[in-house]
Amino acid sequence: MACQSVSIIDMDEQALLGLNPNADACYRQRAIAYFEQLKESHDAWEVCAEALAKSVYSDDHVKFFCFQVLEHQIKYRHGSLNAAQQQLIRETLMKWLQCQLMNTQAEKPFIRNKAAQVFALTFVMEYLTHWPKFFFDILSLVGLNPHGVDIYLRTLMAIDAEVVDRDIVHTAEEVRRNTLIKDNMREHVIPSLVESWYQILGAYQQSHPEITCQCLEVVGAYVSWIDLNLIANDRFVNLLLSQMCVEDLREEACDCLFEIVNKGMDPTDKTKLIESLCQVLQSAGFFNVEQEEDVDFLAKFSRLVNGMGQSLVLSWTKLAKSGDVKVAAETLRALEAKVPLLIKLLVHEDDDISANIVGFCYDYLHVLKQLPLLTDQQKANVEAIMLAVMKKLTYDDEYNFDNEGEDEAMFVEYRKQLKMLLDRLAQVSPELLLEAVRRVFSSTMQTWQTASFMEVEVAIRLLYMLGEALPASHGAHFSGDTAKTSTLQDMMRTLVSCGVSSYQHTSVVLEFFETVVRYDKFFLVEPQHIPNVLMAFLDHRGLRHSSPKVRSRVAYLFSRFVKTLHKHMNAFIEDILTRIQDLLELVPPENGVPALLTSDDQLFVFETAGVLVVNGEGPAERKQALMRSLLMPLTDAFRLLLAKLATEREEERQAVLADCLSHAVGFASRTSKAFSNKQTVKHCGCTEVYRDCLQTFLPALSCPVQRGALRSAVRSFLHRMIICLEEEVLPFIPAASEHMLKDCEPKDLQEFIPLISQITAKFKSQVSPFLQQVFMPLVLAIFEVLGRPAEDNDQAAALEKQMLRRSYFTFIQTIASSGMNEVMASQGVENIERVLFTIIQGAVDFPDPIAQKTCFIILSKLVELWGAKDGMVGFPDFIYKHIVPACFLAPLKPTFDLTDAQTVLTLSECALTLKMIHHKRGHEFIQYLQTEYLPSLQVSPEITQELCQVLQQPDVKVLKNYIKAFFQQAKL
């Protein structure tokens, strides 16, 4: 019967109804409000304590609610509770626990977990002060009562989470407190706790396996920080090993043994412990993994063996370093004795079991790598691991290539682990690996027509993986080491000539093309195979494969293949361009026919076509004709679509047309990537072709609809043309700029400024007249956008403005640094002043160290240009009134964080500005600091003198260090 006592407790019954998940919203709201009321009240929570102590409520949600209220008091208000209230909490918990011993039915797990959390929180708050007998009180009360033991064990796990768990972030004070708790527990209670665990494990093995599992979990959790000798002794370990034979307990027993094995200890003792464990496990038949059908247990057992193996490797490493040759040799023998078991687990058909042993395998191979010479047995081990890895790399029948889900993602991750093993095998014995792969590859390629796709894919995959496992400088796998070169060459020759590219499975076809491109330099050695491989790329095996996934990947791989081998493509250029002509078409939205390639895939095909045209060996006229035939269909389609867009009224349709127009510009832009310093647009006779493209695309800038997408596309094209067309692009810039500055948004401006900066940096004085003309319209457009009101909490708008401000300052910096001071000087006094004040404002007022740094760079440059005796009229006055104060006021701002690396860089530029002023104005500047400016800041004469002396020294580094110390001191 339930432990109950008659009592009238004054709780809001209506509010409690709202705790039921199915309650109406109004009741739920009332329950939330009631919870807040009880939390915040000085003593109202005591009704919850009484309800728990006297088991007044049978409703689980109300019980949970009461524990939550209690939890809040302990966690957040414990310090403000008086002694009687703290005593009430302790009594409440013990009375509730006493009730559990008398109840026939255990509470629901979620209530027991919450109770354990509250016990743990109380323990953390009171163990060191008011409740040192916490564990003895609980143990003496619960004895071996299963309900009580369950709460005790849950409480121990909750204490571990509060005090030990490293994944939980603690404050420095909590860390100090937790350390004291652990030290106190080690000294006074841990032996008693360990004894209680031993009793529980023995008592409940048969009757309550779930309690035994809980207890094993507790031992595993606590073993990391208690004295290992209390657990790692014959009495306890034999008990744990006996539980390895009980089906309901063995997974938890495995985990517990794993934690014991993982505990740091003396390497010799660790080896002895592991050897004694292994002896018992082996004699009990656990090493015969092939006879075990329970894969969940085997996954745990594999993890245990992995822990034992890695611990032995660590022991061997420590012993070998310390020079203890005899014990190191014994540990190595112990380690090698586990390798047959390692291989059985590694090759197991269940990937989880195999994955759990990879760490040991990797570490074992690392040990072998360090040995001067391998024994025959060690070579045999390496070969066995190699075969196991090759076998496990193979896909299984259930892998879903069309709809890859979680299982497939896990296999891909597992494959990455196996690749690490393969790379490590290559380091241990590259010859063995090369020979093993050659054997598997050659036998599979001889029978690929009848072999399963898994076998064929993994054979090609292994050849592909050799590229990284046996690295070569710049992919030069076919020169140097003759044995390796000839083996790889033989395998590549077989791959491209045996017809396996026709295999009817996507995984095989993809692996074929991936491998061909990884070893593209093979074709420089044996170019006779290029035509066959080109056909594979171009026909139903590649770009016209039935799978979109294959077509997409092949589009990218083909571009890489052609880029590497373009010198060998001359004879095939026209043929390739003819074959891919339909893939180079701009697919209009109203077509309705699904395209073979996506627009992203088409970008690669256009780039490939560009590379073929540009790098052909024919005269410039031929290149021009080919490039025109490549780009004219784009420009023709562009004109038609743009005219359509101008008359289209439906917004969704406008977006589709704009998207198509953007693709056309993007495709044309991508072809220009084929040009280089050797093969320029001019050299290839293609200037006129791209000029025509520009003329076709620029009208899109004045299109009244879908401006954002169109402007972005045309702007990107202009960026490319500035690089490719050189000064031929200049006539187009003024009109383009005018259109882009009309009705622009912050993002438009932000993206337009880099274009102007690029033109400025590239053409310098050539574009000076244009810049003088566009400078103020651009600056005013920026001011107008920055001046637009925005909501205080609109973070996106604030960030947009910040980025625009940065772009603006970068633009001014580009002009100042390009030696074109006439651009700014010609703007008239009023405009110059306006711009200068924005730079001062940027340096001082906006807490953005990136922008501030740029502003100080500009100020330094302007002082250099205009700050001398013969500089701009009135500028020296500006230096003293505004630039010098900026150099001091900015670092003195509370937002100027001298612990932030970016801000320190800003401070360096600030110091350089002061240095430049001294360089240009000389003693006059020093005198101004000494007699006027620094005294106005209340700087003492000694510090003023010191600063002025440092400013006059030639070493800038000394000044930077001094300025940092100066402001650190000033801000104290």
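A search through the whole structure turns up zero disulfides, a disulfide being a pair of cysteine sulfur atoms within 2.5 Å. This is a predicted model, in which local features need pLDDT of at least 70, side-chain atom pairs count only at pLDDT 80 or more, and totals for chains, interfaces and linings use all residues. Residues are numbered from 1 along each chain as its sequence is written, and side-chain values use heavy atoms, with hydrogens and water left out.

- Cys 256 is in no disulfide, and the nearest cysteine sulfur, in Cys 215, is 8.3 Å away.
- Cys 256 counts as buried because its relative accessibility is 1%; buried means under 20% relative accessible area, exposed means over 50%, and partly exposed is in between (1.4 Å probe, protein chains only).
- How far is the sulfur of Cys 703 from the closest cysteine sulfur? The distance is 14 Å, to Cys 660, which is too far for a bond.
- Cys 703 also counts as buried, at 5% relative accessibility.

- Helix 21 covers residues 406-428; helices here are DSSP runs (H or I, at least four residues), numbered from the N terminus.
- The 23 residues of helix 21 reach 34 Å from the first C-alpha to the last, close to the 33 Å expected at 1.5 Å a residue. The expected span is 1.5 Å times one less than the number of residues.
- Among the buried residues of helix 21 are Phe 411, Tyr 414, Arg 415, Leu 418, Leu 421, Leu 422 and Leu 425.
- An α-helix has 3.6 residues a turn, so residues three or four places apart point the same way.
- The cover over the buried residues of helix 21 includes helix 19 (358-370), helix 20 (376-392), helix 22 (430-446) and helix 23.
- Glu 457 belongs to helix 23 (residues 453-469).
- Is Glu 457 buried or exposed? Glu 457 counts as buried, with 1% relative accessibility.
- Leaving aside neighbours within four places in sequence, Glu 457 is in contact with Tyr 395, Arg 415, Ser 507, Val 508 and Glu 511, where contact means heavy atoms within 4.5 Å.

**Helix 38**

- Helix 38 (residues 795-817) has 23 residues and spans 33 Å from first to last C-alpha, close to the 33 Å expected at 1.5 Å a residue.
- Its buried residues include Ala 797, Lys 801, Leu 804, Tyr 808, Phe 809, Phe 811 and Ile 815.
- Which helices do the buried residues of helix 38 pack against? They pack against helix 36 (746-763), helix 37 (768-786), helix 39 (821-825), helix 40 (829-844) and helix 41.
- After helix 38 comes Gly 819, with a positive phi near 70°.

**Helix 41 beside helix 43**

- The axes of helix 41 (residues 849-866) and helix 43 (residues 901-921) come within 8 Å and cross at roughly 10°. Axes are lines fitted to C-alpha atoms, for helices over the stretch in contact, with angles from 0 to 180 degrees between N-to-C directions.
- Helix 41 and helix 43 are therefore roughly parallel to each other, a label for angles under 35 degrees.
- Residues making this contact include Phe 856, Ile 857 and Val 863 of helix 41, and Leu 905, Leu 912 and Met 916 of helix 43.
- By class, the contact has 11 nonpolar, six polar and four charged residues. Ala, Val, Leu, Ile, Met, Phe, Trp, Tyr, Cys and Pro count as nonpolar, Asp, Glu, Lys and Arg as charged, and the others, Gly among them, as polar.

**Residues with a positive phi**

- Gln 706 is not a glycine, yet its phi is positive, at about 55°.
- Gln 706 sits in the loop between helix 33 (687-697) and helix 34 (707-724), and is partly exposed with a relative accessible area of 25%.
- Lys 764, which is not a glycine either, has a positive phi of about 45°.
- Lys 764 is in the loop between helix 36 and helix 37, and is partly exposed at 38% relative accessible area.

**Distances along the chain and in space**

- Val 295 is in helix 15 (residues 295-322), and its C-alpha is 8.7 Å from that of Asp 352, 57 residues apart along the chain.
- Asp 43 and Val 613 are 570 residues apart in sequence, and their C-alpha atoms are 85 Å apart in space.

Notes:
Helix = DSSP H or I, 4+ residues; strand = E, 2+ residues; numbered from the N terminus. Parallel < 35°, antiparallel > 145°, perpendicular 65-115°, else oblique.
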